[in-house]
Amino acid sequence: MNPTLRQMRAFVALAKTGNFTLAAQAIHVTQSALSGLIKELEQTLGARVVDRSTRRIVLTDIGRELFPLFSQMIDDLDGALANVADHTRLKKGLVRVAAPQLMSCTLLPQAIAAYRAEHPAIEVRLSDTEVEGVIARVLSGEADVGIGPERVPAPPLEARELFEMPFALVFPENHPLAALPRLTWQDVAHHPFISLQGQFTERLLDDMHTSLRETPIKPAHEVTFMTTALAMVSAGLGVTVCLPYAEPLVKLHGLVLRPLDEPVLTRRFFIYTRPGRSLSPAAESYINFLFGYVKRSQR
């Protein structure tokens, strides 16, 4: 026995209305098509489910037994399909995002707010972490989407480039560097340099040393978070570098952000997702939005 969904819907509609005409209207078929579906169901089951008369229909004993079962199955299926439709139409959903602490307190809050303005039913849950923790959260499944800098070697994740930005120098407003019309990495070498720990800064120092063989930059302080570095710069303990997306935080500390030349050193940031795993409609929607948001913000 293998009754079809159409046969079950026809039977439930007929059992609820008690009338072939009304039941046909309820499921949007002709009366003859409804009658055919009931006959097919009875042939499939090998038993009658309704007794017909000229005035009304009456459920048989088997029909009365099947009606609540078929009705519940259809309600459950319709509920599940409605839930899927809500997800695909972005009427509900959850996106778990892992990002470095600096990005989480500068670029992403505004991006999330802008996305929620367009999709208020989608929840975006942000996990701020150290740079090295982004990959781990995506690999473990704690995050659907990770945003972080390029890694060497490349992690076993799908990576889509989100943006590439040049490093900029950060210093107090009354600093001697403010008087220079143009800033180079050679200028940085003459002041205490506050750097971050980890691969991100290790690669930066390697790049600087390659360019500044005569006067290499040696960190005077190494800290974990850019918020700490900015606070130290604000206290007059040195200068630091960061990417331009952190400008809102730089301004909050009353500091200056200026481009650096000779050479222009850049870093690429990627959106990381697990390979071979389909993203939810909400996650795909958020990623697509973020690409557009970043592109607009760089104009």
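Predicted model: local features only at pLDDT ≥ 70, side-chain atom pairs only at ≥ 80, totals over all residues.

User: How is the chain divided into domains?
Analyst: Domain 1 is 5–88, domain 2 is 93–158 + 275–298, and domain 3 is 168–264. The bounds come from an automatic or database domain assignment.

User: And what separates the centres of domain 2 and domain 3?
Analyst: Their centres, taken over C-alpha atoms, are 27 Å apart. Domain 2 puts 11 residues into the contact and domain 3 puts in 10, where contact means heavy atoms within 4.5 Å.

User: What area is buried between domain 2 and domain 3?
Analyst: About 1100 Å², with 65% of that from carbon and sulfur atoms. Buried area here is the accessible area (1.4 Å probe) that two parts lose on being put together, summed over both. On the domain 2 side, Gln101, Leu102 and Thr106 supply 43% of the area buried against domain 3, more than any other three residues.

User: How many salt bridges cross that interface of domain 2 and domain 3?
Analyst: Zero by the rule, which asks for a side-chain nitrogen of Lys or Arg within 4 Å of a carboxyl oxygen of Asp or Glu.

User: OK, how many salt bridges in the count by this rule?
Analyst: The count comes to 12. One example has the side chains of Arg52 and Glu42 meeting at 3.3 Å, N to O. That pair links strand E1 (residues 50–52) with helix H3, 10 residues apart; helices (H or I, at least four residues) and strands (E, at least two) are DSSP runs, numbered from the N terminus.

User: Switching topic: how many aromatic pairs does a search of the whole structure find?
Analyst: Nine. Rings of Phe, Tyr and Trp (its six-membered ring) pair if their centres lie within 6.5 Å; planes under 30 degrees apart count as stacked, over 60 as edge-to-face and the rest as tilted. Phe163 and Phe269 have ring centres 5.1 Å apart and planes at 15°, so they are stacked. Phe163 sits in strand E6 (residues 158–166) and Phe269 in strand E12 (residues 266–273), so the pair ties together parts 106 residues apart in sequence.

User: Which residues does a cis peptide bond join?
Analyst: Glu262 and Pro263, with omega about -5°. Pro263 is in the loop between strand E11 (255–259) and E12.

User: And what about the phi of His28?
Analyst: Phi of His28 is near 60°, a positive value in a residue other than glycine. His28 lies in the loop between helix H2 (20–26) and helix H3 (31–45).

Technical notes:
Residues numbered from 1 in each chain as written. Heavy atoms only, no water.
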